[in-house]
Amino acid sequence: MPELPETETIARDLDGALRGAVVRSVEVVRSDVLRGEAPGRSRRSAAALAAEVADALTGAKVHGVSRRAKSVVIAFGTVCAGGQVEGLHRLVVTPRFTGALLIDGTPDDAYTCLRLDLADGRSLRYHDVRRLGTLALLGPSAFEAWEMALGPEPLDPALTPERFSGIIRGSSRAVKSILMDQKRLAGVGNIYANEALWRARIRPTRRGERVTRVQCALLLSELRAVLSESIALRGTTFRDYRDAYGGRGGFAARLQAYGRAGEPCSRCGDALSATHALEGRQTVWCRACQS
DNA sequence: AGGGGAACCCGTACGC
DNA sequence: TGCGTACGGGTTCCCC
């Protein structure tokens with residue numbers, strides 16, 4: 001389940017590997033992962049979208065690869081006669097649970113949804129077993145609309161403790177739900193919400209409006225710490241996540257809360273509690289030292 | 001505004 | 001062993 005550190009890892013690898021590469025041919029194998037206006041939107045005619053993607057990407061040049069929220073953004077431009085890049089559009093890839101962007105060297109199989117063959121002989125595949133991930137090809141205005149609807153990036157220095165505190169304290173919902181609400185804060189999912197709250201000693205069910213400013217400042221710094229540490233170890237492979245070379249992330253062994261229900265809290269030794277009652281998602285915390 | 005539930009998928013785990 | 005079924009997991013969308 002790629003969240004911010006995992007999609008960041010993929011984006012950094014692909015930016016280094018693909019910047020400047022030219023697409024020779026496009027094969028849409030599974031068109032049901034394609035979306036129109038934005039990732040996650042209900043799908044339009046899959047056949048029409050497949051034709052649009054093939055048409056737009058054939059001959060296109062990779063301008064750069066970046067990340068926003070939990071999505072990898074591949075920016076393409078068309079190479080014109082003069083050599084300059086025009087008609088920038090972006091393929092927004094949201095892998096969800098089992099999606100992966102793989103560069104050549106990984107064997108092809110039945111789960112390839114999209115394959116881009118590059119002029120230099122390499123290839124890039126979007127691979128997804130469950131196909132809950134999505135690919136959306138967005139022009140400049142649709143891309144801007146999608147980005148504008150997302151909350152700030154937790155690692156952006158422009159997100160000050162004051163602003164973060166306003167996000168958390170401005171809602172009566174459970175603080176964990178606020179952390180995971182992509183409209184309020186982008187990129188944080190279940191794993192890192194559990195971890196950040198454990199580190200900051202805040203109970204996941206505490207209402208945002210009842211988290212103090214001091215706790216908010218601590219939560220932001222612990223959130224940034226856990227995200228940065230995970231990026232340094234190329235993310236968390238709990239189960240399905242793979243990087244662009246098919247490799248696993250190294251952060252799973254560092255998790256203190258997620259997936260450790262019943263195990264002793266590494267801070268106080270009490271058994272970690274778990275519930276699914278918070279929006280139906282696995283929530284793990286220490287009753288003794290998180291309040 | 002926000003909470004609940006369905007839908008999207010299919011490998012995995014389980015029951016019989 | 002095989003077959004059938006429940007489940008998970010983030011997000012959107014619809015309804016209350």
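Reader: Which helix gives the largest share of the lining of the largest pocket?

Author: In this predicted model, that helix is helix 3, which contributes three residues to the lining. Helix 3 spans 140–148, and helix 5, spanning 175–180, also supplies at least two lining residues.

Reader: What volume does the largest pocket have?

Author: Its volume is about 1000 Å³. The lining consists of 32 residues, and the closest to the pocket centre are Lys70, Thr94, Arg96, Leu150 and Gln182.

Reader: And how many of the lining residues are nonpolar, polar and charged?

Author: The lining has 13 nonpolar residues, nine polar residues and ten charged residues.

Reader: Why does the pocket lie between domain 1 and domain 2?

Author: Domain 1 (4–148) and domain 2 (161–285) both contribute residues to the lining, so the pocket lies between them.

Reader: Let us turn to the domains, then. What separates their centres?

Author: Taken over C-alpha atoms, the centres of domain 1 and domain 2 are 29 Å apart. As for contacts, 20 residues of domain 1 touch 19 residues of domain 2.

Reader: How much area is buried between domain 1 and domain 2?

Author: The buried area is about 1600 Å², with carbon and sulfur atoms giving 63% of it. On the domain 1 side, Leu4, Pro5 and Glu6 lose the most area to domain 2, and together they account for 30% of what that side buries.

Reader: How many salt bridges are there between the two domains?

Author: The count between domain 1 and domain 2 is one.

Reader: Which residue forms a salt bridge with aspartate 13?

Author: Aspartate 13 pairs with arginine 234, and their closest N and O atoms are 2.4 Å apart.

Note on methods: Residues are numbered from 1 along each chain as its sequence is written. Chains are lettered from A and ligands numbered from 1 in the order in which they are written. This is a predicted model: local features need pLDDT of at least 70, side-chain atom pairs count only at pLDDT 80 or more; totals for chains, interfaces and linings use all residues. Side-chain values use heavy atoms; hydrogens and water are left out. On a 1 Å grid over the protein atoms alone, a cavity is a set of points where a 1.4 Å probe fits but cannot get out, and a pocket is an open set with protein on both sides within 12 Å along at least five of seven lines; lining residues have an atom within 4 Å of a point. Grid points are joined across faces, edges and corners, and a volume is the space filled by probe spheres set on the points. Helices (H or I, at least four residues) and strands (E, at least two) are DSSP runs, numbered from the N terminus. Ala, Val, Leu, Ile, Met, Phe, Trp, Tyr, Cys and Pro count as nonpolar, Asp, Glu, Lys and Arg as charged, and the others, Gly among them, as polar. Domain bounds come from an automatic or database domain assignment. Contact means heavy atoms within 4.5 Å. Buried area is the accessible area (1.4 Å probe) that two parts lose on being put together, summed over both. A salt bridge is a side-chain nitrogen of Lys or Arg within 4 Å of a carboxyl oxygen of Asp or Glu.
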